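Student: I am new to this structure. Could you walk me through some of the words used to describe it?

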Amino acid sequence: MLELSRREARRLMIGSQLLSGPVPKRPTKVRMREVIRHLGAVQIDSISVVQRSHHIVLWSRLGNHPPEWLSELLADDRAIFEYWVHAAGYAPIELFPYFRRNMLEFAERTRESTNDWITENQDTLQHVLDFVRANGAVTTKSFEPPPGSKRAEPWAWYGNKPTNLALDILWSSGELMIERRDKFQRVYNLTERVHPTWDDSQIPPAEEAQRALALVALNALGVTTSRWLPDYFRSGGRRVIAHADAAGILNCLVESGDAVPARIHGIDDPAYVATRALDQKFRPSRTTLLSPFDSLVWHRRRTRELFDFELFLEAYTPKAKRVYGYYSLPILYRDQLVGRLDPKAHRKTGQFEVLSLHLEPWFVGKDDERFYTQLAATLTDFRCFNGTNYVTVGMSNPPEARERLEAALAACSG
């Protein structure tokens, strides 16, 4: 059995997550596709105080690149698709067969549902589907609210139109796919139009799908436990791999030579290392910012156990109760998460504002000038990626961190 320190496990995971070493000097759309194919899932989120989460995930791995590449991969190249892969997210089209079963199972649950809305709105669902068949691609704006509707209607929380919810159900059930995004708004069309080469006779057996997705997750993480694995792919609110099945699937990957049993010091659960990762020599040297929805950190327990880092998303916390800020981004420095900063891009004025910078208490006492130099370079690249011209720094904890970062930024711009 392979024995790993937590640091060794972190380095395997950071490298397998494509966050080890320098960012590419010349990112390409082909490389972006390879990143998404390797990760298996890139979560989508709508928060836009800086570039949206899915763009940050790709920037962390590719550096500054045209964000429109992602739209082209979806709409023009059909290299990726959008579904409940880890919450709503992008996945490589190669994984479509393994999620198709989840779509059809969702459709079956919808047909058998006793939910009052679904039962009472079968005509709405059929109307939306017939409308797309007759008229082509649609958005939520393609449908008018019911005559005489008011905001007080019970479905007002969902955009004031029952057709909005119908679109979401038809997408989740696989009748529709996301053809493209128009200013972040979903554009829906029939699945056979978006993915015309697909045939449901190609759906693999459930066991094969679970094993294939487990291997993708294992290779993307580098190292996992049976407790961590099921969180990686979640479809329609359900884990694709149940906790009860995870250990057995991982042991099958050991038998096939795709995984090696391991033990991580300080972590009780048995671990498994991707055989592919053992062939790599990862030397984490990157300083970057992570989306709070990044696949390296989206499993809160794993992040706590492996990185000793508590991740908080306070966007939905009342402002007076926030500790770290509305949208704080973890700071990855080499093989550790050393702090977080709360950014805001003022695109009209060209200002990229670091509203607050918080370093982890254990890192505060380290007199590491290299960290500030590299963070300043990272922020300079990130503010360019956000279409802004200069960086300002607000409060920091500890207070002297602000002064040191400002000095590093001045040196970087000079």
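This is a predicted model: local features need pLDDT of at least 70, side-chain atom pairs count only at pLDDT 80 or more; totals for chains, interfaces and linings use all residues.

Student: Why is Leu-329 called buried?

Tutor: Buried means under 20% relative accessible area. Leu-329 has a relative accessible area of 0%, so Leu-329 is buried.

Student: What about Arg-334: what makes it partly exposed?

Tutor: The class partly exposed lies between the buried limit of 20% and the exposed limit of 50%. Arg-334 has 29% relative accessibility, so it counts as partly exposed. Arg-334 sits in the loop between S13 and S14, and it has a positive phi of about 60 degrees although it is not a glycine.

Student: And why is Lys-183 called exposed?

Tutor: Exposed means over 50%. Lys-183 has a relative accessible area of 83%, so Lys-183 is exposed. Its place is the loop between S5 and S6. Lys-183 is not a glycine, yet its phi is positive, about 55 degrees.

Student: Let's turn to helices. How do you know that the span of H7 agrees with its number of residues?

Tutor: Helix H7 covers residues 122–135, which is 14 residues. At 1.5 Å a residue, H7 should span 20 Å, and its end C-alpha atoms are 20 Å apart, so the two agree.

Student: Which residues of H7 are buried, and what puts them on the same side?

Tutor: The buried residues of H7 are Thr-124, Leu-125, Val-128, Leu-129 and Val-132. They cover an arc of only 130 degrees around the axis, and therefore lie on the same side of H7. The face turned away from that buried side carries the exposed residues Asp-123 and Ala-134. The cover over the buried residues of H7 includes helix H8 (162–172), strand S5 (176–182), strand S6 (185–190) and helix H9 (191–194). Just after H7 comes Gly-136, with a positive phi of about 90 degrees.

Student: How many cavities of 30 Å³ or more does a search of the whole structure find?

Tutor: The search finds one. The largest cavity has a volume of about 50 Å³. Leu-74, Arg-78, Ile-80, Phe-81, Ile-93, Met-177, Ile-178, Val-194 and His-195 line it. Strand S3 (80–84) and S5 each supply at least two residues of that lining.

Student: Where is a cis peptide bond?

Tutor: A cis peptide bond joins Asn-397 and Pro-398, with omega about 10 degrees. Pro-398 lies in the loop between strand S16 (390–397) and helix H16 (399–413).

Terms used:
Residues are numbered from 1 along each chain as its sequence is written. Side-chain values use heavy atoms; hydrogens and water are left out. Buried means under 20% relative accessible area, exposed over 50%, partly exposed in between (1.4 Å probe, protein chains only). Helices (H or I, at least four residues) and strands (E, at least two) are DSSP runs, numbered from the N terminus. The expected span of a helix is 1.5 Å times one less than its number of residues. The arc is that of the directions from the helix axis to the C-beta atoms. Contact means heavy atoms within 4.5 Å. On a 1 Å grid over the protein atoms alone, a cavity is a set of points where a 1.4 Å probe fits but cannot get out, and a pocket is an open set with protein on both sides within 12 Å along at least five of seven lines; lining residues have an atom within 4 Å of a point. Grid points are joined across faces, edges and corners, and a volume is the space filled by probe spheres set on the points.
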